[in-house]
Amino acid sequence: MIVMLALAAVLLVRNLYNISVLPDETNQGQIFRIIFFHVPAAAVAMVGSAVALLASVMFLITKNFKYDALAVAITEVGLAFLAVNLVTGSIWARVIWGVWWAWDPRLTSALICWILYAGYLILRQSLEEPTQRATFAAVYSIFAFTDVPIVYFSIRWWRTIHPQPVFFSKNGSFPADWTLTLVLNIVALSLLYAVLTMVRLRQENTQREIDYLRRTVHAIS
Amino acid sequence: MRFLSQVMTITTKDLRAEMRTKEAINASFSFALVVLLLLSFAFEPTEQTTQEISGGLLWIVFIFAGTLILNRSFARELPNDCLDALIAAPIPGAALFLGKALANFILILAVEFVALPVFGIFYNVRWAQQFWPLLLVLILGTWGLTTIGTVFSALTVNIRLREVMLPLLVYPVMIPLLLGAMRLSTLLVAGQAITGDETVWFRLLIGYDIIFTALSLVLMDTVLLG
């Protein structure tokens, strides 16, 4: 874990330096640099939602609480990364479009995604019994995931004002060395995501242990 | 065949219970009226601009009114431990789900069919110009609303804040579906035919109906047995 954190830190410092020495983009000026965090945050959050789906399905099949802990940890951290994506996007929009928010399919669907997974955490809070909480949360997570493909494909399906993808596509105008920095930032944020998830996971396991001990004490006394 | 008769048993049971008390459908229809009335204060009812958002207004009324019916669907089974009896009954969870969903579907559709003419009168909209396509949108949209709503009704039935949790969880999940239903309804209520690019919304509606129905059928046993 320490190694991963260190690696993430090194990569982030390297990327931040690289981003700071890049020339300003012709049309957008300074603000374009936000893309190096905006896109990776969305990418890791999206992978996170897929892992949460997998963990939820695995919990329903095996009834092993290990998967429930993984699902809640990954969803909570993913929610933070999606928030980074929304906030950076909003800052960029204020500079380029002149407004903080536009009701555009891409932006709206990303916001819906955030609300959906926030609903997941609220649902967990309102259920006391651990087995029921884990089961219902897993079912909800599966339903929530049906919205994720909409976010991903929204800029391809509908005409939106959100910029079209510029890398990994044929008409991309993103220079190769910029792409390298972007990819390395995805790696850095992925590592950070993994570390934060592990911290949260440990917290979840400790919580379970405390609950167990408390019940035992109740049973004895 | 057995499965179908099991589904029908649940549906007729739910509809009969509702017809005798009329508690959910009365409340739902009155609520639809109140929301229609309130919306008329928010938007000038006779203006052209309001007619352009009519589909959105309609579906807001429908989901609000529908939630009341969905909330009752499983809450009604709580007194006298009827829910435990239903779970213990020798029918699969999928049959229980389909039966309940069908009953809810019929009830919500009934409320919609009463609310639509009222909407037409209050907002001066000639909504029946494209009647059959509009009917199709209503059926597809309402089925999607009912499938998710019924699963989540079962899921939230034992939660302390049931009345709040159901809409909180259901509305965001339903948004892709509502988006299509609102867009199509707006066009159809205005008397325009659905052509070209707009048919994609029909595909979205049908796609989500299939996804939600399949997921619900698979997950219902899990939800019921918790």
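Tutor: A crossing of two helices is left-handed if the near helix is turned anticlockwise from the far one by less than a right angle. The model before us is a predicted one, and the crossing of H7(B) and H9(B) in it is left-handed.

Student: What makes H7(B) roughly parallel or antiparallel to H9(B)?

Tutor: The two helices pack at an angle of about 20°, and their axes are 9 Å apart. Angles under 35 degrees count as roughly parallel, and therefore H7(B) is roughly parallel to H9(B).

Student: Which residues make the contact of H7(B) with H9(B)?

Tutor: On the H7(B) side they include B:Trp143, B:Ile148 and B:Val151, while among those of H9(B) are B:Phe212, B:Leu219 and B:Val223. By class, this contact has 14 nonpolar, five polar and one charged residues.

Student: Why is H5(A) called roughly antiparallel to H9(B)?

Tutor: Helix H5 (residues 130-145) of chain A packs against helix H9 (residues 199-225) of chain B at an angle of about 170°, with axes 10 Å apart. Angles over 145 degrees count as roughly antiparallel, so H5(A) is roughly antiparallel to H9(B). H5(A) contributes A:Thr135, A:Val139, A:Ile142 and A:Phe143 to the contact, and H9(B) contributes B:Leu215, B:Leu219, B:Thr222 and B:Val223. Six of these residues are nonpolar and two are polar, with no charged residues.

Student: How many residues does each chain give to the contact between chain A and chain B?

Tutor: Chain A gives 21 residues and chain B gives 18 residues. On the side of chain A that touches chain B, the elements giving two or more residues are helix H4 (105-125) and H5 of chain A. The largest share of that side, nine residues, comes from H5(A). By class, the side of chain A has 14 nonpolar, six polar and one charged residues.

Student: How do you know whether A:Phe143 is buried or exposed?

Tutor: One counts the other C-beta atoms within 10 Å, and A:Phe143 has 26 of them. A residue with 20 or more is buried, so A:Phe143 is buried. The residue is found in helix H5 of chain A. Leaving aside its neighbours within four places in sequence, A:Phe143 is in contact with B:Ile148, B:Val173 and B:Leu215. The C-alpha atom of A:Phe143 is separated by 38 Å from that of A:Ala219, which is 76 residues apart from A:Phe143 along the chain.

Student: Why is A:Ile19 called partly exposed?

Tutor: A:Ile19 has 18 other C-beta atoms within 10 Å. Buried needs 20 or more, exposed needs 12 or fewer, and partly exposed lies in between; therefore A:Ile19 counts as partly exposed. A:Ile19 lies in helix H1 (residues 2-21) of chain A. Apart from neighbours within four places in sequence, A:Ile19 is in contact with A:Arg33, A:Phe36 and A:Thr181.

Student: What makes B:Lys22 exposed?

Tutor: B:Lys22 has 10 other C-beta atoms within 10 Å. A count of 12 or fewer makes a residue exposed, so B:Lys22 is exposed. B:Lys22 lies in the loop between helix H1 (2-21) and helix H2 (23-42) of chain B. Its phi is near 60°, a positive value in a residue other than glycine.

Student: Which elements does chain A contain?

Tutor: The secondary structure of chain A comes to seven helices and zero strands. Of its 221 residues, 33% count as buried.

Student: How confident is the prediction, and where in chain B is confidence lowest and highest?

Tutor: Chain B averages a pLDDT of 88, and 99% of the residues score at least 70. Confidence in chain B is lowest in helix H3 (residues 48-52), at a mean of 74, and highest in helix H7 (residues 131-156), at 92. The model scores ipTM 0.83 and pTM 0.84.

Conventions: Residues numbered from 1 in each chain as written. Chains lettered and ligands numbered in written order. Predicted model: local features only at pLDDT ≥ 70, side-chain atom pairs only at ≥ 80, totals over all residues. Axes fitted to C-alpha atoms, helices over the stretch in contact; angles between N-to-C directions. Helix = DSSP H or I, 4+ residues; strand = E, 2+ residues; numbered from the N terminus. Parallel < 35°, antiparallel > 145°, perpendicular 65-115°, else oblique. Contact = placed C-beta atoms within 7 Å. Nonpolar A, V, L, I, M, F, W, Y, C, P; charged D, E, K, R; others polar. pLDDT = per-residue confidence, 0-100.
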